[in-house]
Amino acid sequence: VAPLPPVSLPRHLPMIAALLHGRIHLNFQEFRQQKHLAFFLHVLGILELLQPQVFQNEHQGAMWDCLLSFIQLLLSYRKSSRHLACFITKFVQFIHKYITSNAPAAVSFLQKHSSPLHDLSSDNNDLAMLKSLLAGLSLPSRAGASDRGAEDEKNDEAAAGSLPLVSVSLFTPLTPAEMAPYMKSLSRGQNVEDILEVLTDIDEMARRRPEILAFFSTHLQKLMNSEEETCRNLAFNLALRSIQNNPSIAADFLPTFMYCLGSCDFEVVQTALRNLPEYTLLCQ
């Protein structure tokens, strides 16, 4: 079967939307184990690749179906939001691009589903972009909307076209001062338990805010040569995630990789070799 050209993919949105149905009845552990979360992430990734065509009016029915499935996912597993951090981030970014590309359609969707979006905002206080979108919108109740005339609907669309955005930042920007306690703990960490505790905290924060890893580049490069396997593996993992978030810094880690590959410690060399293929890929 010949691959579909990208321009034809939006025509298949109804099928893609239908494939999202019937997956969120499971408990969250089953949902993850059966790879449904990965599937939702892949679909969201496809929608991102189809921008801006996916925002055209002819595709709105299927697009809304996809977005509604995403919202239902977030509501069903809101108690597990820590594990949904990556999905939530991508979803909010996509909504922002939607509203800047086709404001009338986006505003109409947001008005219909303002309640769950406000719940999502309340559960995730650091999602500045979502708060911005909700604050920039006037989200009236839809009750009685059917009684309004066509002229009112046109006025709504005109207002939507000039939607005020309070902010275009996804999160409130971080400062070095906020990361200073973690950097200080890593610098003076004398035992493995203390270092692991800090790295685990950084790992958790980076799941939602991968840009924070840039603050710890020097510490990670030092720990990539650690004799302690758990610390070393986590340092390599965080270093690669930092590069994934900002590929331009890949060259900064080259001396560390070369040093680890030439280490007298066989385990350090083995760790570097295991991570070398992904690092090489990120350098391209």
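Is Ser242 buried or exposed, and what is its relative accessible area?

## Ser242 and the basis of the model

Ser242 is buried, with a relative accessible area of 3%; buried means under 20% relative accessible area, exposed over 50%, and partly exposed in between, with a 1.4 Å probe and protein chains only. Ser242 belongs to helix H13. Helices are DSSP runs of H or I with at least four residues, numbered from the N terminus. Leaving aside neighbours within four places in sequence, Ser242 is in contact (heavy atoms within 4.5 Å) with Leu213, Ala214 and Ile249.

The model is predicted: local features need pLDDT of at least 70, side-chain atom pairs count only at pLDDT 80 or more, and totals for chains, interfaces and linings use all residues. Residues are numbered from 1 along each chain as its sequence is written, and side-chain values use heavy atoms, with hydrogens and water left out.

## The largest pocket

The largest pocket has a volume of about 670 Å³. On a 1 Å grid over the protein atoms alone, a pocket is an open set of points with protein on both sides within 12 Å along at least five of seven lines, whereas a cavity is a set of points where a 1.4 Å probe fits but cannot get out; lining residues have an atom within 4 Å of a point. Of the 23 residues lining the largest pocket, Cys86, Ala206, Arg207, Arg208 and Pro210 are the closest to its centre.

The largest pocket lies between domain 1 (9–138) and domain 2 (176–283), because both give residues to its lining; the domain bounds come from an automatic or database domain assignment. Helices H3 (36–49), H5 (85–101), H11 (192–208) and H13 (229–245) each supply at least two lining residues, and H5 gives the most, with 6 residues.

## The cavity

Across the whole structure, a search finds 1 cavity of 30 Å³ or more. The largest cavity has a volume of about 60 Å³. Its lining includes Leu74, Tyr77, Arg78, Ile88 and Asp119. Helix H7 gives the most to this lining, with 4 residues.

## Nonpolar cores

The largest nonpolar core has 43 residues, and those with the most contacts inside it include Val54, Met63, Phe87 and Phe91. Such a core is a set of buried Ala, Val, Leu, Ile, Met, Phe, Trp, Tyr and Cys residues joined through side-chain atoms within 4.5 Å. Apart from this core lies another, of 31 residues, among them Leu220, Leu223, Ile243 and Tyr279.

Not counting residues up to four places away in sequence, Phe91 touches Leu44, Leu67, Phe70, Ile71, Leu74, Leu117 and Leu120.

Methods. Points joined across faces, edges and corners; volume = space filled by probe spheres on them.
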